[in-house]
4 protein chains.
Amino acid sequence: MIFSVGCEIGYDVAQQATLIFNIEAMRGGRQRVVSERLTITPNLPADEKTSEESGNRYLRLTVPQGVVQLRYEAQIELDALHRAPAVIHEVPIATLPLDTLPFLNPSRYCPSDQLARFANRQFGNIEPGFGRVVEICNWINSEVDYLFGTSDTTTTAADTFSLRAGVCRDFAHLGITFCRALGIPARFVSCYAWQLKPQDFHAVFEAYLGDRWYLFDATRMAALDGMVRIGVGRDAADTAFATIYGQVMPLPIRVWSEAINGDKAEEWTTDAVSVTRD
Amino acid sequence: MIFSVGCEIGYDVAQQATLIFNIEAMRGGRQRVVSERLTITPNLPADEKTSEESGNRYLRLTVPQGVVQLRYEAQIELDALHRAPAVIHEVPIATLPLDTLPFLNPSRYCPSDQLARFANRQFGNIEPGFGRVVEICNWINSEVDYLFGTSDTTTTAADTFSLRAGVCRDFAHLGITFCRALGIPARFVSCYAWQLKPQDFHAVFEAYLGDRWYLFDATRMAALDGMVRIGVGRDAADTAFATIYGQVMPLPIRVWSEAINGDKAEEWTTDAVSVTRD
Amino acid sequence: MIFSVGCEIGYDVAQQATLIFNIEAMRGGRQRVVSERLTITPNLPADEKTSEESGNRYLRLTVPQGVVQLRYEAQIELDALHRAPAVIHEVPIATLPLDTLPFLNPSRYCPSDQLARFANRQFGNIEPGFGRVVEICNWINSEVDYLFGTSDTTTTAADTFSLRAGVCRDFAHLGITFCRALGIPARFVSCYAWQLKPQDFHAVFEAYLGDRWYLFDATRMAALDGMVRIGVGRDAADTAFATIYGQVMPLPIRVWSEAINGDKAEEWTTDAVSVTRD
Amino acid sequence: MIFSVGCEIGYDVAQQATLIFNIEAMRGGRQRVVSERLTITPNLPADEKTSEESGNRYLRLTVPQGVVQLRYEAQIELDALHRAPAVIHEVPIATLPLDTLPFLNPSRYCPSDQLARFANRQFGNIEPGFGRVVEICNWINSEVDYLFGTSDTTTTAADTFSLRAGVCRDFAHLGITFCRALGIPARFVSCYAWQLKPQDFHAVFEAYLGDRWYLFDATRMAALDGMVRIGVGRDAADTAFATIYGQVMPLPIRVWSEAINGDKAEEWTTDAVSVTRD
């Protein structure tokens, strides 16, 4: 399927500031950038780089005093891999690829050490495999209220676990935390999400199972095979759509994601879905 | 029943220090001090006072450099009130006695504000009354591991909730926290506990239900009608058996509690038990 | 001096709720209620009680669905005791009155155990006495930014210490925390504050020095001898102007405090000020 | 200089477990492994890999029930770069290499977001450059007590900031946190440390300044040019010398680091020291 995604972001800059954006769709695997256009107003030179490690695309701007606005629009073809959940197994620590190991470590918002006992009590006896991560998502969806205004940028998964409320980023952090506590590498994914209402940047997570990273969304607010990935990292600290060094006032933001053929998904897939490699 | 309880506590004091002890059995209600003896070695003058508010008995000593040792031994008659759980109701906030209201507030180790959503999700639909607090104890007993070395003097009930491990004080803090979140006044109780193994100071809690404070022990490690109450307060911060101002090294401690008639309880009571008033 | 103080508070109540207010001026000591009037609309029966322990005046209402509004207005005569700071000493733990000891314990928002090492490093070598608490206020005033929006109802003094920003309640919590860590009993005070801009309920603290409780305000936003005390307690958890059991929407609030003679204080006093007893 | 470093580590394994070690000296830059020998008893197959991203060397073992022991010994030549502190500048965010940016993000133990206001108040007006990071180390060394038993594996830099006590890992976390809050990339380094007393694995940090990573040790317990680097990462979560999946009991550990020529450093260098590249 082909998706038309994009965003408009702006800032009123008090005095010269450096801004790093991560809003462009990732390239590679089963996600193909058919076309894209980035407009910066005023027309400032931008330093564009793609991280070799993560594939995240960064745009770094040094912005003078005044208003700066970005518009990104792209057509993205997603050829998501669908697999039957039942055939996807967990990988023993002994044979996990080396580059997945950092995603077992606790991070700023995913203190998996603190929730390890609970994770093992609650999910330790479930048969390992894709289905266990689905159970984690079921638990989060059932036990945590999706509520704006209950969390902020300092909220960790341990906080969310106690508070029992949060937004998409908190749901993702909690899912990642439980996975890591069980020995399953897990990482944070920011994305454009088809059918998400209201439209905004979305946050989900990936767990490493079988031979690749599979997508999970504990909020159940969008279809897994309609997510255009922007950034991956250990948690939200690594995947901010904008990181700001300086004093700026954010202007209203607009985000969109539409299927080109306009099809509404009748039902969202319950397949295992991955777009990270061929 | 009559219990013989006591303790031996000592400190090696580096230089003059002030120590406040709360180790003597409370007087009044259905707990009668038949006899007691306190020995301080060396024979230092002690400032003894009973708090009007709580009934806690404090012993304040100013101790010179050297070793100080206390031995407290007492015979205590407990005429615990037993009631059928089914007849004990929760009291609406609108009619709670004024002096129970502070025990609805969050305290150092019982941040009931932080766990309010969970408490209401988990226990909010249970029929109010004594049985609801029993359910709280059941939940704690089932979901939290009793393990030494997992908590310390800074551990709050929110920490214990995440960690899922703790000792008697942590179990009490969690029970208190859930009660307060549900609008049930609850307070911390330190005590000598018959049949507790190994013998040590014990920590339980009281909830205000019907017309009085009833005892609860989420650890289920001792009989409710064999607890000789020492101190009550908002949480462990109010009921330390020793509070030390100065530099001291603690010596080994010994605590005991025996039934005079030597009867072993065949089974622990499941009645509602209260000793706070006639 | 005589002050005209008061407030208007209202709630839109979704369904029957119980509300406990603590908005009336305390009586006794050097604070005299010359006249006062409380209006509840609609005219609901109120349960009014004064805590023997604290002197706080509580007003408990059970409110049906709909809008409830309270208006409290009072004329208060303050005959604040002024003393020279230099003559006021700290009281050794060994001779502190028993009823001040709970105010040495850590509480929900004042975890004095966690900041004890810092407090002793920073303030331990300052000469004990009134001046040491002034130094604590100076430090807070200098090192913490007064900023709305940086703290919320879960913020502790340890959080404020790290964040270095907060509002009056956070300033008071930090002052209390440092005092307790140094062995000085300290408690939270809510009040009407003359010359506070903008007018609102104010939060300050009292430390027990010499033979009584003295007022301190680390925000330096109002005159110490123009504070009409409403509630005292261990921290903000004990002195909320409204505690709500049920679902309500707060309406805009109005608070005022004026000197009857309209005198502007030319300079705020630097005396030690106490109003707690004759 | 050439150093003879090594360690002996052992575990009593309750049932088959997977262990990942990071104890071998890094290769490359100005650190050359002259010779090394790793002995595993019993002689188990080991999966050895070096992370492309960090250069950390990992050793993964699947261990049956019983005792497993590792002995690593190596001769390492360090040709540390020495530079005059005064000529080393901070790099504006606008021109930092892309792969240093993740080291500006908050991590599990380095919540730089939480201490940002303090860092900017305390260090924001110091002239940027190598000297500013030295000032950060001076502050930590002066304001935090080096004390065993005050921190554990859950302690963050925000905790250490409040507690004012910790060990080498806590000192490093605090230094990293302040650097990141100021816009200076900083990362955690585990190492063998010549002249450290008592000998153990040591933890220091690196800040990216000028054109490379420079070493800093806020504990001041070892010479910067005698540190044989083992692992680098965002914080201690990335650089554990042993990560254990399974139930094991650690045996006593031994660590050593000696200069081959036996020279005692008369004075430790105050130069800027880097070993990361030629």
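Reader: What sets D:Gly210 apart in the hairpin of β11(D) and β12(D)?

Author: D:Gly210 takes a positive phi near 60°, in a hairpin with two residues between the strands. This is a predicted model, in which local features need pLDDT of at least 70, side-chain atom pairs count only at pLDDT 80 or more, and totals for chains, interfaces and linings use all residues. Residues are numbered from 1 along each chain as its sequence is written, chains are lettered from A and ligands numbered from 1 in the order in which they are written, and side-chain values use heavy atoms, leaving out hydrogens and water.

Reader: Why are β11(D) and strand β12 of chain D said to pair?

Author: Strands are DSSP runs of E with at least two residues, helices are runs of H or I with at least four, and both are numbered from the N terminus. Two strands pair if DSSP finds at least two bridges between them. β11(D) and β12(D) (residues 212–216) have five bridges in the antiparallel sense, so they count as paired. D:Tyr208 has D:Trp213 as its bridge partner in β12(D). On the same test, strand β10 of chain D (residues 186–193) pairs with β11(D), antiparallel, over seven bridges. There D:Tyr192 stands opposite D:Phe201.

Reader: What makes strand β11 of chain D mostly covered?

Author: Buried means under 20% relative accessible area, exposed over 50%, and partly exposed in between (1.4 Å probe, protein chains only). In β11(D), residues 201–209, nine of nine residues are buried. D:Phe201, D:Ala203, D:Phe205, D:Ala207 and D:Leu209 point one way, while D:His202, D:Val204, D:Glu206 and D:Tyr208 point the other, and all are buried. In a regular strand the side chains alternate between the two faces of the sheet.

Reader: Why is B:Arg187 counted as buried?

Author: Its relative accessibility is 11%, so B:Arg187 falls under the cut-off for buried. This arginine is in strand β10 (residues 186–193) of chain B. Leaving aside residues up to four places away in sequence, B:Arg187 has contacts (heavy atoms within 4.5 Å) that include B:Phe103, B:Glu206, B:Trp213 and B:Arg229.

Reader: How do you know that the buried residues of α1(C) line one face of the helix?

Author: In helix α1 of chain C (residues 116–123), the buried residues are C:Phe118, C:Ala119 and C:Phe123. Seen down the helix axis they fall within an arc of 100°, so they line one face; the arc is taken from the directions from the axis to the C-beta atoms. They pack against α2 (130–143), α3 (157–163) and α4 (168–181) of chain C together with α3 (157–163) of chain D.

Reader: What makes D:Asp145 and C:Arg121 a salt bridge?

Author: A salt bridge needs a side-chain nitrogen of Lys or Arg within 4 Å of a carboxyl oxygen of Asp or Glu. The N to O distance for D:Asp145 and C:Arg121 is 2.4 Å, so the pair qualifies. Four salt bridges are found between chain D and chain C. From chain D, the elements giving two or more residues to this contact are α1 (116–123), α2 (130–143) and α3, and α3(D) has the largest share, four residues.

Reader: How many salt bridges are there between chain C and chain B?

Author: The count is four. In one of them, C:Asp113 and B:Arg108 have their closest N and O atoms 2.9 Å apart.

Reader: What area is buried between chain C and chain B?

Author: Buried area is the accessible area (1.4 Å probe) that two parts lose on being put together, summed over both. For chain C and chain B this is about 2,500 Å², 54% of it on carbon and sulfur atoms. C:Arg60, C:Leu98 and C:Arg108 supply 25% of what chain C buries there, more than any other three residues.

Reader: Which residues does a cis peptide bond join in chain B?

Author: B:Thr41 and B:Pro42 are joined in this way, with omega about 0°. B:Pro42 is in the loop between β3 (31–41) and β4 (46–50) of chain B.
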